[in-house]
Amino acid sequence: MPPVITTSTKRKGALTPTPLARRKTHYVSPRMTRKIRPEKGGYGVFANQAVQAGELLVVWGGDVVVFEDWTELSPVAQRHSIQVEENLFLVPHELPEVGDFVNHSCHPNAGLSGQMALVALRPIAKGEEICYDYAMSDGSPYDEFMCSCESVHCRSRVTGNDWAL
């Protein structure tokens with residue numbers, strides 16, 4: 001059996017090893033909650049408190065896999081992954097996590113900071129759905145769909161080439 005990789009955490013003045021396998025690999029702001037949204041594919045993420053511009057909302061975590069390995073994953077794992085670079089995808093360890101339900105909008109209130117973090121682009125009111133433009137992360141045609149964001153800026157169809165618009 002392979003060794004368990006551990007880190008140390010400070011407890012009662014002493015360092016105690018903690019297996020990495022039991023640690024969370026993602027972060028979801030406590031200001032967010034998942035709600036049922038059948039018209040948007042199942043769920044959406046909403047602010048349960050006011051959110052300030054620039055506030056960190058999600059840091060996705062998981063394993064980075066190349067496209068060829070990604071195609072071998074279950075449809076659920078594929079749907080909840082995020083493209084982080086050309087031919088590379090971040091696949092969460094825990095399926096699904098709340099951050100995996102952030103929907104697309106052509107006029108988003110959240111956006112990427114780096115390749116794995118989502119921040120508020122403007123103040124977000126309590127009860128407002130948190131959305132980002134998938135063109136910020138998707139540069140491949142693996143997840144193209146008809147858009148239902150209802151924004152006046154809607155592109156109607158979300159494609160892997162939207163980043164070039």
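Start with the rings: the structure holds seven aromatic pairs (rings of Phe, Tyr and Trp, the last by its six-membered ring, with centres within 6.5 Å; planes under 30 degrees apart are stacked, over 60 edge-to-face, and the rest tilted). A pair of aromatic rings is described by the distance of the centres and the angle of the planes.

This is a predicted model, in which local features need pLDDT of at least 70 and side-chain atom pairs count only at pLDDT 80 or more, while totals for chains, interfaces and linings use all residues. Residues are numbered from 1 along each chain as its sequence is written, and side-chain values use heavy atoms, with hydrogens and water left out.

**Select Trp 60 and Tyr 132**

The ring centres of Trp 60 and Tyr 132 are 5.9 Å apart and the planes stand at 50°, so this pair is tilted. Trp 60 sits in the loop between S6 and strand S7 (63-66) and Tyr 132 in strand S13, so the pair ties together parts 72 residues apart in sequence. Helices (H or I, at least four residues) and strands (E, at least two) are DSSP runs, numbered from the N terminus. Both Trp 60 and Tyr 132 are buried, where buried means under 20% relative accessible area, exposed over 50%, and partly exposed in between, with a 1.4 Å probe and protein chains only.

**Zoom out**

Colour by secondary structure to find two helices and 15 strands. Of the 165 residues in the protein, 40% are buried. Of the contacts (heavy atoms within 4.5 Å) with a separation of 6 or more, 56% are between residues 24 or more positions apart.

**Select the core**

Which residues have the most contacts inside the largest nonpolar core? They are Leu 57, Trp 60, Leu 118, Ile 124, Ile 130 and Tyr 132, in a core of 23 residues. A nonpolar core is a set of buried Ala, Val, Leu, Ile, Met, Phe, Trp, Tyr and Cys residues joined through side-chain atoms within 4.5 Å. At least two residues of this core come from each of strands S5 (42-47), S6 (56-59), S8 (82-85), S12 (117-120) and S13 (129-132). A second, separate core has five residues, among them Trp 70, Ala 77, Phe 89 and Val 91.

Now centre on Leu 118. Neighbours within four places in sequence aside, its contacts include Leu 57, Trp 60, Val 102, Leu 112, Ile 130 and Tyr 132.

Move along strand S12 to Ala 120. At a relative accessible area of 3%, Ala 120 is buried. Draw a C-alpha to C-alpha distance from Ala 120 to Gly 54: the two are 5.0 Å apart in space and 66 residues apart in sequence. Beyond four places in sequence, Ala 120 also touches Val 51, Leu 57, Asn 109 and Ala 110, among others.

**Select Arg 37**

Arg 37 is in strand S4 (residues 32-37). Is Arg 37 buried or exposed? Arg 37 is buried, with a relative accessible area of 16%. Leaving out residues up to four places away, Arg 37 touches Gly 42, Tyr 43, Gly 44, Phe 46 and Glu 129.

**Show the largest pocket**

The largest pocket holds about 690 Å³ of space. On a 1 Å grid over the protein atoms alone, a pocket is an open set of points where a 1.4 Å probe fits, with protein on both sides within 12 Å along at least five of seven lines; lining residues have an atom within 4 Å of a point. The volume is the space filled by probe spheres set on the points, which are joined across faces, edges and corners.

Of the 32 lining residues, Arg 79, Asp 100, Asn 103, Tyr 134 and Asp 143 are the closest to the centre of this pocket. S5, helix H2 (75-79), strand S10 (103-104) and strand S14 (145-146) each give two or more residues to the lining. By class, the lining has 15 nonpolar, eleven polar and six charged residues (nonpolar: Ala, Val, Leu, Ile, Met, Phe, Trp, Tyr, Cys and Pro; charged: Asp, Glu, Lys and Arg; polar: the others, Gly among them).

**Finish on the loops**

Gly 62 is in the loop between S6 and S7, and is partly exposed at 27% relative accessibility.

Asn 87 is in the loop between S8 and strand S9 (88-91); its phi is near 70°, positive in a residue other than glycine. Glu 150, in the loop between S14 and strand S15 (157-158), also has a positive phi, of about 65°. Asn 87 is partly exposed at 31%, and Glu 150 is exposed at 76% relative accessible area.
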